[in-house]
Amino acid sequence: MSNDKPSKTQKKREMLALQDLGERLITLSEHQLEKITLPEDLAQAVHEARNMTKRGALYRQKQYIGKVMRQLDCTPIKDALAKLDRVKRQQIALFKQAETWRDRILSGTPEDIEAFVNSYPDADRQQIRAWRRQYDRERSAAKTPRSSKLLFRYIHELLQTLLETGTA
């Protein structure tokens with residue numbers, strides 16, 4: 001018996017991995033799916049699966065997607081999905097960083113504002129201080145913390161811009 005051929009179990013694992021990859025394509029948003037170049041028959045099968053509501057039909061469609069994918073080189077699809085995952089992780093980290101800075105600025109001292117401005121020289125010190133003062137007024141008046149949201153949005157957009165330009 002030659003070891004050149006993959007075993008039946010190995011073939012089944014590979015088939016299931018491709019089917020899982022196909023299921024992942026189904027769960028992507030339309031915007032994310034547009035970023036991935038798919039062959040016409042695979043793209044059509046994925047779009048059809050996204051519109052299916054019956055479990056049996058969806059199951060068969062997923063199997064069909066796996067079958068179509070077995071005939072393709074799936075490396076570009078795997079690479080595109082890995083890139084989407086990296087971008088998602090980057091966005092989550094950016095969100096958490098913005099939350100951390102917002103919380104530090106709002107609950108800390110004026111030195112925390114200075115630390116932020118020193119870390120990000122493009123930041124508008126006066127505006128940040130104004131939001132901090134407004135936050136203190138809102139909190140003492142038991143109002144909805146609108147300034148907290150504005151500060152978070154500002155920090156997030158600043159960090160996003162710096163990330164996109166590569167200066168972060």
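So, where is Leu 25 found? Leu 25 sits in helix α1, which covers residues 8–27. Before I go on, a reminder that what we have here is a predicted model.

Let me stay with Leu 25 for a moment. Is Leu 25 buried or exposed? Its relative accessibility comes out at 0%, so Leu 25 counts as buried. And what is Leu 25 in contact with, if you leave aside the neighbours within four places in sequence? You get Leu 33, Ile 36, Leu 38, Leu 42, Val 46, Arg 50, Met 69, Ile 77 and Leu 81. Now look over at Val 117: Leu 25 and Val 117 are 92 residues apart in sequence, and C-alpha to C-alpha they are 42 Å apart in space.

Okay, on to the helix pairs. Two packed helices are described by the angle between their axes and the distance between the axes, and that's how I'll go through them.

Take α3 and α4. Helix α3 is residues 40–50, helix α4 is residues 55–70, and they pack at an angle of about 165 degrees with their axes 10 Å apart. That makes α3 roughly antiparallel to α4. The crossing of α3 past α4 is left-handed. Which residues make the contact? On the α3 side you have Asp 41, Leu 42, Ala 45, Val 46, Glu 48 and Ala 49. From α4 come Leu 58, Gln 61, Tyr 64, Ile 65, Val 68 and Met 69. Sort the residues of that contact by type and you have 9 nonpolar, 1 polar and 2 charged.

Pro 76 has its place in helix α5, and at 48% relative accessibility Pro 76 counts as partly exposed.

So, α5 itself. How many residues does helix α5 have? There are 33, residues 75–107, and the helix reaches 48 Å from its first C-alpha to its last, close to the 48 Å expected at 1.5 Å a residue. Buried in α5 are Ile 77, Leu 81, Leu 84, Leu 94, Ala 98, Trp 101, Arg 102, Ile 105 and Leu 106. An α-helix has 3.6 residues a turn, so residues three or four places apart point the same way.

With 51% relative accessibility, Thr 100 counts as exposed. Thr 100 and Phe 152 are 52 residues apart in sequence, and their C-alpha atoms are 9.4 Å apart in space.

What does α5 do with α6? Helix α6 is residues 110–119, and the axes of α5 and α6 come within 8 Å and cross at roughly 145 degrees. The contact takes Trp 101, Arg 104 and Ile 105 from α5, and Asp 112, Ile 113, Ala 115, Phe 116 and Ser 119 from α6. By type, that's 5 nonpolar, 1 polar and 2 charged.

Last pair: α7, residues 125–140, and α8, residues 146–165. They pack at an angle of about 155 degrees, axes 8 Å apart, and are therefore roughly antiparallel to each other. This crossing is left-handed. Ile 128, Trp 131, Gln 134, Tyr 135 and Glu 138 in α7 meet Arg 146, Ser 147, Ser 148, Leu 150, Leu 151 and Tyr 154 in α8. That splits into 6 nonpolar, 3 polar and 2 charged.

In the loop between α7 and α8 you'll find Ala 142. Ala 142 isn't a glycine, yet its phi is positive, about 55 degrees. Ala 142 is exposed, with a relative accessible area of 70%.

And α8 to finish. Its 20 residues should span 28 Å at 1.5 Å a residue, and the end C-alpha atoms are 29 Å apart, which agrees. The buried residues of α8 include Phe 152, Ile 155, His 156 and Gln 160. What covers the buried residues there? The cover includes α5, α6 and α7. After α8 comes Gly 166, with a positive phi near 80 degrees.

How values were computed:
Residues numbered from 1 in each chain as written. Predicted model: local features only at pLDDT ≥ 70, side-chain atom pairs only at ≥ 80, totals over all residues. Heavy atoms only, no water. Axes fitted to C-alpha atoms, helices over the stretch in contact; angles between N-to-C directions. Helix = DSSP H or I, 4+ residues; strand = E, 2+ residues; numbered from the N terminus. Parallel < 35°, antiparallel > 145°, perpendicular 65-115°, else oblique. Left-handed = near helix turned anticlockwise from the far one by under 90°. Contact = heavy atoms within 4.5 Å. Nonpolar A, V, L, I, M, F, W, Y, C, P; charged D, E, K, R; others polar. Expected span 1.5 Å × (residues − 1). Buried < 20%, exposed > 50% of the residue type's maximum accessible area, 1.4 Å probe, protein only.
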